Amino acid sequence: MILYGIISNFIQCGHIIDGSSDPMLDDSVSEEDGSFEELTEGTPYLQPEVELFTLNQYIQSGHAVYAEALWDHVTMEEQELAFKAGDVIRVLDVQEQDWWWGAVGDRKAWFPSSFVRGYIRQCRKHPGMFTDAQLKTIFSNIEDIYRFQRKFLKDLEKKYNPENPHLSEIGSCFLQQEDGFSIYSEYCNTHPVACAELQRLMKQGRYKHFFEACRLLQQMIDISIAGFLLTPVQKICKYPLQLGELLKYTPKDHSDYAGVCAAHKAMKNVASLINERKRRLESIDTIAHWQVAILHWAGEDVLTRSSELIHSGELTRIVRPGKTQQRSYFLFDHQLVFCKKDVLRRDLLHYRGRMDTDLLEPIDLPDGRHAELGLLKNAFLLRHAENLNVLCVLCCKKSQDKQRWLQAFARERRRVQEDQEMGIEITEAQRKQAVQNARKTKQGNMKKMNYSDHPVPPHHQPLHPLHQRHVTVPTNIPQQQVFSLAEPKKKPSHLLYSLARSALFRK
């Protein structure tokens with residue numbers, strides 16, 4: 001019974017087409033297409049975007065049209081067709097827009113056409129309320145997920161043995177569709193943005209009433225649209241757990257034990273990949289905000305090649321014996337960026353350069369005196385991986401810091417290799433969006449904060465303070481702030497404070 005319950009959970013995860021074995025039932029037609037020629041190419045399933053004229057033309061030509069019920073329709077009227085979610089309804093007449101004539105089994109009656117539609121269909125019918133960009137933000141690729149899930153569940157049902165559930169062999173279904181589950185990644189990544197947009201719209205009464213009307217029209221359970229949009233995120237997380245439970249109760253001599261074991265591992269990898277992609281998107285936002293705060297940036301953006309900060313810290317660069325440079329180094333995947341701290345504002349960084357880590361090789365240097373560099377301690381060098389030319393020699397404050405840096409370089413190489421194996425890739429649109437958001441945030445902060453708060457100095461500063469005889473202060477700072485910057489207050493000595501206090505009472 002436990003095994004039967006676990007397998008049934010997979011069958012109940014989505015809309016299963018019950019009792020349909022027609023080999024012509026496929027998903028070859030996109031929901032966005034609705035021409036007569038495409039409908040006649042094979043699929044008898046009703047696509048949500050097909051116009052009534054096209055449907056009538058298709059039905060009158062002698063072809064059968066099927067619609068899949070998305071929700072239960074309970075009725076006491078003889079002229080209305082009752083069905084459950086997942087039932088296949090043969091559409092016989094679509095002369096009316098709201099009520100169609102159809103059949104389930106041998107019974108023919110009217111049924112509401114809206115019961116084979118959902119939120120997104122109703123939203124598209126109101127372009128005055130929803131733009132295409134808003135629909136993409138809120139619903140993302142949920143229609144692609146629906147098409148994939150329907151195909152996956154049909155394959156799953158074929159492997160399910162309803163008479164003897166314990167003899168079912170479903171492991172192969174997950175293995176065959178492993179790559180297809182990657183479409184959940186886009187949806188999971190954009191879900192927080194969808195929630196934010198939805199929350200913004202729900203503050204307006206007309207949107208709140210609209211979504212509630214959609215729910216009531218479809219006779220859906222009392223859950224908000226945000227709850228329904230969370231379902232794909234929850235579903236992809238449940239598969240590894242359900243397969244783990246199934247594996248737990250599957251005997252090792254079962255014919256599908258190896259298949260379930262492989263499926264469990266595959267779905268864990270899918271979930272890990274989705275989580276990593278989501279974490280990487282959050283990482284590029286952080287990197288974009290970091291870069292816009294760097295002064296005098298030159299060259300391409302960090303995000304052009306990198307998507308994660310591996311390690312960072314202060315290092316001393318040995319230029320020659322007796323000549324050193326203190327720099328802040330940031331190790332990303334594929335590149336090492338180094339900056340210089342501002343002389344007056346130590347929290348500001350000036351860009352100084354970068355190195356391609358794909359061509360770097362770190363070499364540990366023993367403590368002691370070296371012929372060309374003099375006495376070194378806690379040092380390592382970076383050389384070209386191909387021609388072995390030394391590019392720079394860096395020193396750390398502590399030996400533990402040197403070990404962390406050497407480990408970080410090794411970790412960076414592993415990360416690059418893992419990204420290639422897992423197919424981790426940030427799209428150009430996602431990179432541009434991250435940079436755009438960071439620049440907007442920077443501009444907003446500069447408007448809200450005064451000089452003493454914001455981390456960016458005035459725009460016009462043609463000469464570095466070190467090259468001036470006197471350090472100048474921008475004229476846009478209030479006079480009292482200029483004084484505080486030029487001459488910080490000093491705490492008076494105890495003796496002078498006592499004399500001044502006693503003088504007040506001499507009168």
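In the predicted model, helix 6 and helix 8 cross with left-handed geometry. Their axes come within 9 Å, and the crossing angle is roughly 145°. On the helix 6 side, the contact is made by I142, D144, I145, F148 and Q149, and on the helix 8 side by I183, Y184 and Y187. Classified by residue type, the contact of helix 6 with helix 8 comprises six nonpolar residues, one polar residue and one charged residue.

Helix 6 also packs against helix 11, and the crossing of this pair is left-handed. Here the angle is about 40° and the axes lie 12 Å apart. Angles under 35 degrees count as roughly parallel and those from 65 to 115 as roughly perpendicular; helix 6 and helix 11 are therefore oblique to each other. From helix 6, I142, I145, Q149 and F152 take part in the contact, meeting P232, K235 and Y239 of helix 11. By class, five nonpolar residues, one polar residue and one charged residue form the contact of helix 6 with helix 11.

In soluble globular proteins, nonpolar side chains tend to be buried together. The largest nonpolar core of the model contains 37 residues, of which F130, F152, F174, F181, F211, I236 and M267 touch the most other members. At least two residues of this core are supplied by each of helix 5 (132–139), helix 6 (142–159), helix 7 (171–176), helix 8 (183–202), helix 9 (205–217), helix 10 (225–229), helix 11 (231–248) and helix 12 (257–292). Helix 11 contributes the most, with six residues.

The surroundings of F181 illustrate the packing. With residues up to four places away in sequence not counted, F181 touches F148, F152, F174, I236, Y239, M267, V270 and I274. F152, F174, I236 and M267 are, like F181, among the core residues that touch the most other members.

A further core, of 19 residues, lies apart from the largest one. Its members include I284, F332, C339 and A438.

Over the whole chain, 16 helices and 13 strands are present. Of its 507 residues, 41% count as buried. Among contacts in the chain with a separation of 6 or more, 58% are accounted for by residues 24 or more positions apart.

Conventions: Residues numbered from 1 in each chain as written. Predicted model: local features only at pLDDT ≥ 70, side-chain atom pairs only at ≥ 80, totals over all residues. Heavy atoms only, no water. Core = buried A, V, L, I, M, F, W, Y, C linked by side-chain atoms within 4.5 Å. Buried < 20%, exposed > 50% of the residue type's maximum accessible area, 1.4 Å probe, protein only. Helix = DSSP H or I, 4+ residues; strand = E, 2+ residues; numbered from the N terminus. Contact = heavy atoms within 4.5 Å. Axes fitted to C-alpha atoms, helices over the stretch in contact; angles between N-to-C directions. Parallel < 35°, antiparallel > 145°, perpendicular 65-115°, else oblique. Left-handed = near helix turned anticlockwise from the far one by under 90°. Nonpolar A, V, L, I, M, F, W, Y, C, P; charged D, E, K, R; others polar.
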